[in-house]
Amino acid sequence: MTPPFLEILEINKRFGDINALKNVSLNVSIGEVICIIGPSGCGKSTLLRTINWLTPPDSGKIILQGDIIGSVTGKLTIKQNRLLNNFRARIGMVFQQFNVWPHLNVLENVIKAQVVVGKKNSEEAKIKAIKMLNEVGLKDKFDEWPDNLSGGQKQRLAIARSLAMDPILMLLDEPTSALDPELIGEVLTVLRNLVKEGMTMLIVTHELGFASNFADKIVFMDAGEIIETGAPREILKFPKTDRLKHFLDKLSITSF
Amino acid sequence: MKFDISYIFDALPRLLEGALITLQVAILGFCLSVILATLITIARTTFQSRIYNGFIAFYISFIRGTPILVQIFLIYYVLPVFGLNLAPFTAGILAITLNSAAFVTEILRGGLASVPKGQFEAAKSLGISGFALWWKIILPQTFITSIPPLVNEFTMVLKATALLSVITVVELMRVSQQIYSANYHPVEILSATFIIYFLMCFVVSRSSVILEQKFKVKRA
Amino acid sequence: MLEYQIFLDYWPMILLGFWLTLKIVLCAIALGIPLGLFLALGRRSNYLAVSFLATSFIELFRNTPFIIQVFLFYYVLPFYGLRLSAEYVGILALAAFGGAYFAEIIRAGIDAIPKGQLESARAIGMTDWQSMKNIILPQTVKIVIPPLTNQTLTLIKESAILSTITVHELTMTGLMVQGETFRPFEVFIMVALLYWALNETIATIMRRIEKSYNRNRKQSNKDKYTIDITKSSGLFR
């Protein structure tokens, strides 16, 4: 039996007194789209951030294609650090607050990491950047400064920046939560195209409509634990636990 | 030659005496400069005269644009030309005061800007004006918001007093020079002096936080 | 009253002093800014020893009068066998003093960059140093230029103190001319005006540059990232 594409094994994380993640395990197969839902502070963002070691867990293992990411035994060695950076280059991450780089114009935002991390020459990187920006619908904004973009455009730029690194896995941390309602659609359209192309994705989201239509699996977390996992229909229509029922009741689920 | 710590112990009583003088000079100069700056500020707000404001702007720009050491020389060497013979100590205090007042005036301008215009109007509508308006209503608010930059300015004054050694005011720097020119151990003596200055300035600059909290509590 | 002859007789000498002041300050900045960057990064380091050393250096030099730093350099360097001319001692002292202040300005600048900027750089695979170099420092540069300019003006003024260790810069020249002429008023006014003119010129040029920079690049980060420079720079003197 082949090992799963991404294996999250018994991850624990504490912040002071708060137990952010309690023994969380999750398997992701290639091409799978998993949406993680749950009340705020339930640890869903932390889980995402432990995967690329942005928040190192206290214990547990992250295994991507059979290789262990990071190490929970204290400081990383130089070799482990280099390995970690290689993983990160192949794991795209999209943040709630976009985090586009304001001192670089749109095109440079997408070129930078390809050159610095991917060691591409700038011509090659530019061609790739143009392609990616076209894909996310920013083809007339190459010379624009990020500060002059709308939130939706910034987020699409951030997605293009990640895609230019040819990621094998995308982590999206509430990609639409900081957007005005009328701008959410344009970002979801880009994500929908990614789903169609077969990208493996982990998405922390409140967009239950998107989750129910495009996720292969929905994971419900509460208080640092995974409470329920299943197909969107099962999770959203037939919740088994009270906690999930309670969570769904509180959300106004008008979107589907 | 080796670093001989016993010279520091021998010199310590005299150095501490010097430090006390440094503190006195700094406190005296700073208090005078705050008084002067307050008067300048009140006059500026009350008169709104273009000539006066222009003169003050010129004064502030000159003080900020030239080294305090040159200002000290100007006062120390030039006043006697006009028949005004000041002792080094007096000339030093005068230089420090005139210098610091320019910076304190700038600080107070910032503090005053944070006092809402309505405060003036409210007080006037209650019949409070003149001295009472400033003393009871406006100045307390101005000074409380200005605490951090004022404390910073005091450390600047404390450091500037060391320059008075060049016009023979016997403060900490001068005392240390006197000691090492007698015992030929400048490294030890200067190191000790350096540490004493550091302790004084460090304590003062950290006190800003405490002062701020104290006044915040009082206001709440 | 005014003895104009002094201006005519001594201006070449005074100008020479002015030129040395300029050279010393330029050298001190050239050394001080890298030192400041190094200290700022050191203070932020995860290695306790490095961060302790950098912090100690910064705090010691920021909390003592420059004149005693100058004297310490003047006497301590030969004590450990390093014999330099007064000019070089002066440059080193001014660079150390400036470096401590530059460090705090740069640190405040780095801290003003939102945390997400570093995270996004790390998440895409950049090392700590690559993130600093490509993402954080370029953004820092823009916000630290006004306080760095202020600090440069401070260095010009503090350089007058080098006259106490017989560096023949502007103030020292003034003292010498005064010793020959006994006309302190003319001499020190001339010296003061030169310092003043230099300060005003630099301040005006920097304001212009900043303005045109902001006009050319219609970026508005300046409003978003601000730093409290009143505490970290010697803004008040």
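**Chain C and its aromatic rings**

Tutor: Going along the sequence, chain C shows the pattern α-α-α-α-α-α-α-α-α-α. That gives 10 helices and zero strands, where helices (H or I, at least four residues) and strands (E, at least two) are DSSP runs numbered from the N terminus. This is a predicted model, in which local features need pLDDT of at least 70 and side-chain atom pairs count only at pLDDT 80 or more, while totals for chains, interfaces and linings use all residues. Residues are numbered from 1 along each chain as its sequence is written, chains are lettered from A and ligands numbered from 1 in the order in which they are written, and side-chain values use heavy atoms, leaving out hydrogens and water.

How confident is the predictor? The model as a whole scores ipTM 0.91 and pTM 0.86. Chain C has an average pLDDT of 88, with 90% of its residues at 70 or above; pLDDT is the predictor's confidence in each residue, from 0 to 100. A contact here means heavy atoms within 4.5 Å.

Now for the chain as a whole. Chain C has 237 residues, and 56% of them count as buried (buried is under 20% relative accessible area, exposed over 50%, partly exposed in between, with a 1.4 Å probe and protein chains only). Its accessible surface is about 10800 Å², with 66% belonging to carbon and sulfur atoms; the areas come from the Shrake-Rupley method with a 1.4 Å probe, and for residues only the protein chains shown count as cover. Of the contacts in chain C between residues at least 6 apart in sequence, 75% join residues at least 24 apart.

Next, the neighbours. Two pairs of chains are in contact, and chains B and C share the most contacts. Chains A and B do not touch, their nearest C-alpha atoms being 27 Å apart.

Let's turn to the rings. Over all chains, the structure holds 23 aromatic pairs (rings of Phe, Tyr and Trp, with its six-membered ring, pair if their centres lie within 6.5 Å; planes under 30 degrees apart are stacked, over 60 edge-to-face, the rest tilted). One of them joins B:Tyr180 and C:Tyr75: the ring centres are 5.2 Å apart and the planes at 65 degrees, so this pair is edge-to-face. The pair crosses between chains, from helix H8 (residues 172-183) of chain B, which holds B:Tyr180, to helix H3 (residues 66-79) of chain C, which holds C:Tyr75. B:Tyr180 is buried because its relative accessible area is 7%, whereas C:Tyr75 is partly exposed at 26%.

C:Tyr75 also has a stacked partner in C:Phe71, 6.5 Å centre to centre with 25 degrees between the planes. Both sit in helix H3 of chain C, four residues apart, about one turn of the helix. At 8% relative accessibility, C:Phe71 counts as buried. Elsewhere, ring pairs link C:Phe188 with B:Phe73, B:Tyr76 and B:Tyr77 in a cluster.
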